[in-house]
Amino acid sequence: MIGQERRSAGRDAALSVIGMTSIESVTLEVADPSAADRFYAAAFGLGDRLRLRASAAPTTGYRGFTLSLTVSRPATVKAFFDSAVAADATVVKPVAKSFWGYGGVLQAPDGTIWKIATSEKKDIGPATRQVDQIVLLLGVTDMTASKRFYVEHGLTVAKSFGRKYVEFAADSGSVKLGLYGRRALAKDAGVPADGTGSHRIAIDSDAGSFTDPDGFAWQAVPALAG
């Protein structure tokens, strides 16, 4: 009986830790923070869910991750896409219908790859500037090892498709995390998979500071200005 109570207490404690883990924002490391701030304000307007800091860390080609904005309807996809292109983003995949919905991919001037998408194929109203979810996809080398690593650091698996894809649960308003094979993620984004150097991203969470098996850095949530 005592053993059962201890096991139950251990499970409850684990669930408590898991429930607290969330990604509050992501920090992009950019060569020119002022220029990047102007771009993101004009293109997406994500507020404090996206942070910027200066970095000259060497990096070439594919950085091993993508960021996605999921929205409610095609008109909103097109509005965000057009505003990003007008702010000097480069089109990687034009917006188009597919079997899963509607969306497109572009690259920001700082080099970050963004997908804007919706699962809806028809508009049920006018475009808005509402983002339903920000999704960070990390390209990983060993899906099993990375999944285990993140579970051990307090994230809860919401969906798992063997060695192909893992998605973790996210609270409302937080950034959702998913894992994809590195080359598969590059293919989905429409870019070559080759790349070296810094990822140029840090993940801001309440899980503490650490580096994952693929070199992605996590850091404690920075204090809000003011």
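This is a predicted model: local features need pLDDT of at least 70, side-chain atom pairs count only at pLDDT 80 or more; totals for chains, interfaces and linings use all residues.
A residue counts as buried when its relative accessible area is under 20%.

Which residues lie on each side of S13? Ile 201, Ile 203 and Ser 205 are on one side, with Ala 202 and Asp 204 on the other. Both faces of the strand are covered.

Now the neighbours of S13. Strand S1, residues 23–30, pairs with S13 in the antiparallel sense, over 5 bridges.

How far apart are Ile 23 and Ile 203 in sequence and in space? They are 180 residues apart in sequence, and 7.0 Å apart in space from C-alpha to C-alpha.

Next, the charged side chains. Side chains of opposite charge can pair when their charged atoms come close. The count for this model is 5 salt bridges, and I will go through some of them.

Glu 29 and Arg 53 form one, with the closest N and O atoms 2.8 Å apart. Arg 53 lies in strand S2 and Glu 29 in strand S1, so this pair ties together parts that are 24 residues apart in sequence. Are the two partners buried or exposed? Arg 53 is partly exposed, with a relative accessible area of 32%. Glu 29 counts as buried, because its relative accessibility is 14%.

Another salt bridge is between Glu 167 and Lys 176, at 3.5 Å from N to O. Glu 167 is buried, with a relative accessible area of 11%.

A further one joins Asp 194 to Arg 183, and here the closest N and O atoms are 3.9 Å apart. This pair links distant parts of the chain, 11 residues apart: Arg 183 is in helix H5 and Asp 194 is in the loop between H5 (182–189) and strand S12 (195–197). Both Asp 194 and Arg 183 are exposed.

Which residues form the negative surface patch? They are Glu 24, Asp 48, Asp 171 and Asp 206. Of these, Asp 48 is found in the loop between helix H2 (33–43) and strand S2 (50–54). Asp 48 counts as partly exposed, because its relative accessibility is 47%.

Last, a hairpin. Strands S5 and S6 form it, with 2 residues between them. S5 covers residues 90–98 and S6 covers residues 101–107, and they pair in the antiparallel sense over 6 bridges. To find the pairing on the screen, take Ala 96, whose bridge partner in S6 is Gly 103.

Note on methods
Residues are numbered from 1 along each chain as its sequence is written. Side-chain values use heavy atoms; hydrogens and water are left out. Patches are made of residues with over 30% relative accessible area and no salt bridge: like charges are joined within 9 Å, nonpolar side chains (Val, Leu, Ile, Met, Phe, Trp, Tyr) within 5 Å. Accessible areas come from the Shrake-Rupley method with a 1.4 Å probe; for residues, only the protein chains shown count as cover. A salt bridge is a side-chain nitrogen of Lys or Arg within 4 Å of a carboxyl oxygen of Asp or Glu. Lys and Arg count as positive and Asp and Glu as negative; His and the chain ends are not counted. The place of a charge is taken as NZ of Lys, CZ of Arg, CG of Asp or CD of Glu. Helices (H or I, at least four residues) and strands (E, at least two) are DSSP runs, numbered from the N terminus. Buried means under 20% relative accessible area, exposed over 50%, partly exposed in between (1.4 Å probe, protein chains only). Two strands pair if DSSP finds at least two bridges between them.
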